[in-house]
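Thanks for coming. I will go through one model today, starting with charged side chains and then moving to strands and rings.

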Amino acid sequence: MIHVMTIEDLKYMLSLSKTPRSGYSPAVFPKGPEPSGEGRQASRDGLSKLGFVDDAVLSAKGRAITDALLAPEKMVQTINASLMDNGPVCYCYKNGFWVIYCPDIQYKLCTVISPVFQAQIEEMARQNLLHGLRLPAFEPFGTELTEIEAVILRLTDLVIAKRVEKKEAPLTEDESWFSIDDIYFFRNLADVTAMILPFGEAESKRILGALGDVGMHKQAVRGLVEKGLLECAGSGETFRLRHGAPARKWLLSDQTVDQIALTGIYPPSDSRLYRITRAGILKMTDEGGKIQITSVPDLDYSLFDSGKEPPVSVDASG
């Protein structure tokens, strides 16, 4: 079932639990003023209507949900870049079923979905992540970029995006060409690098240092041309570039619908990064400084495999 409540309601419900909070619990909130007596009573009344609390004591349904949120046996976190007002969605497995916790930061609300059994979790995760998006038939595509090539490609994407924004109309073929000087125009190189490459400060500085090397820059442009992601014409002062067909179809921002990350928080696991485009789903993998970009028919939901079957005695639906 789907339950919507305020963050204060959830905090009150968790306060009634005797289960210690583990280090992997998503139920961590910034400190704030204690609610008034009227506020606690309002939370108690609302939670009683939802069947989570009975006479200021957690019901079996409330205990099952709070146990999963406070001390999950398994926890997966997902992020949709398109849902900036929402916090990460947390999938908590405990005692044979999943509890899905979806915070809404803007409105200080949260949605709790429970129980979700193992046979249902993949479809539920797909709905939450793709929101019913209908994608075209799967088409194979793949390329490999160095870190610097990825940044340069993003900068060229911004060149075109700014032109379209200024013109307020699609560009003509001639307007789609740009020069090396157009790429260097951007002063927000550090911000662009941070958007593309999920590295720490030290790694970002290393890449920015490499981008300051003209030879490395030219090498990256040559690499993008060899891969068909950029096309070139002319030479010397007339040398120009534009995006190749594969880049226009798969990699430019006007083709991107969303970016998604799935991470196994407990047990710990690497993040699985995807870009959802109008042409299909791209899986992004960093392998030793090489970024592998491969189209896939669907997201990989194996992180949600609990390896267990739900016991028939569990009742978290109320």
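Is Arg240 buried, partly exposed or exposed? Arg240 counts as partly exposed, at 32% relative accessibility. On this scale, buried means under 20% relative accessible area, exposed means over 50%, and partly exposed is in between, with a 1.4 Å probe and protein chains only.

Before I go on, the ground rules. This is a predicted model, in which local features need pLDDT of at least 70 and side-chain atom pairs count only at pLDDT 80 or more, while totals for chains, interfaces and linings use all residues. Residues are numbered from 1 along each chain as its sequence is written, and side-chain values use heavy atoms, with hydrogens and water left out.

Back to Arg240. The side chain of Arg240 meets that of Asp174 in a salt bridge, at 3.4 Å from N to O. This pair links distant parts of the chain: Arg240 is in strand E10 (residues 240–243), while Asp174 is in the loop between helix H5 (147–167) and helix H6 (180–184), and the two are 66 residues apart. Asp174 is exposed, with a relative accessible area of 53%.

Two terms there need their cut-offs. A salt bridge is a side-chain nitrogen of Lys or Arg within 4 Å of a carboxyl oxygen of Asp or Glu. Helices (H or I, at least four residues) and strands (E, at least two) are DSSP runs, numbered from the N terminus. As background, side chains of opposite charge can pair when their charged atoms come close.

How many salt bridges does a search of the whole structure find? The search gives 12. One of them lies within helix H1 (residues 7–15), where Lys11 and Glu8 are 3 residues apart, about one turn of the helix. Their side chains meet at 3.4 Å, N to O. Lys11 is partly exposed at 25%, and Glu8 is partly exposed at 36%.

Helix H4 (residues 118–130) holds Glu122 and Arg126, 4 residues apart and separated by about one helical turn. The salt bridge between their side chains is 3.3 Å, N to O. Both residues are partly exposed, Glu122 with a relative accessible area of 40% and Arg126 with 21%. Glu122 and Arg126 also belong to a network of salt bridges that links them with Glu123 and Asp298.

Now the strands. Two strands pair if DSSP finds at least two bridges between them. Strand E12 (residues 271–277) runs antiparallel to strand E13 (residues 280–287), and 5 bridges join them. Leu273 has Met284 in E13 as its bridge partner. E12 and E13 form a hairpin with 2 residues between them.

What does E13 pair with over 7 bridges? The partner is strand E14 (residues 290–296), in the antiparallel sense. Here Lys283 has Thr294 in E14 as its bridge partner. The hairpin of E13 and E14 has 2 residues between the strands, and Gly288 takes a positive phi near 60° there.

Last, the rings. Rings of Phe, Tyr and Trp (its six-membered ring) pair if their centres lie within 6.5 Å; planes under 30 degrees apart count as stacked, over 60 as edge-to-face and the rest as tilted. By this rule there are 6 aromatic pairs. One aromatic cluster is formed by Tyr91, Tyr93, Trp98 and Phe304.
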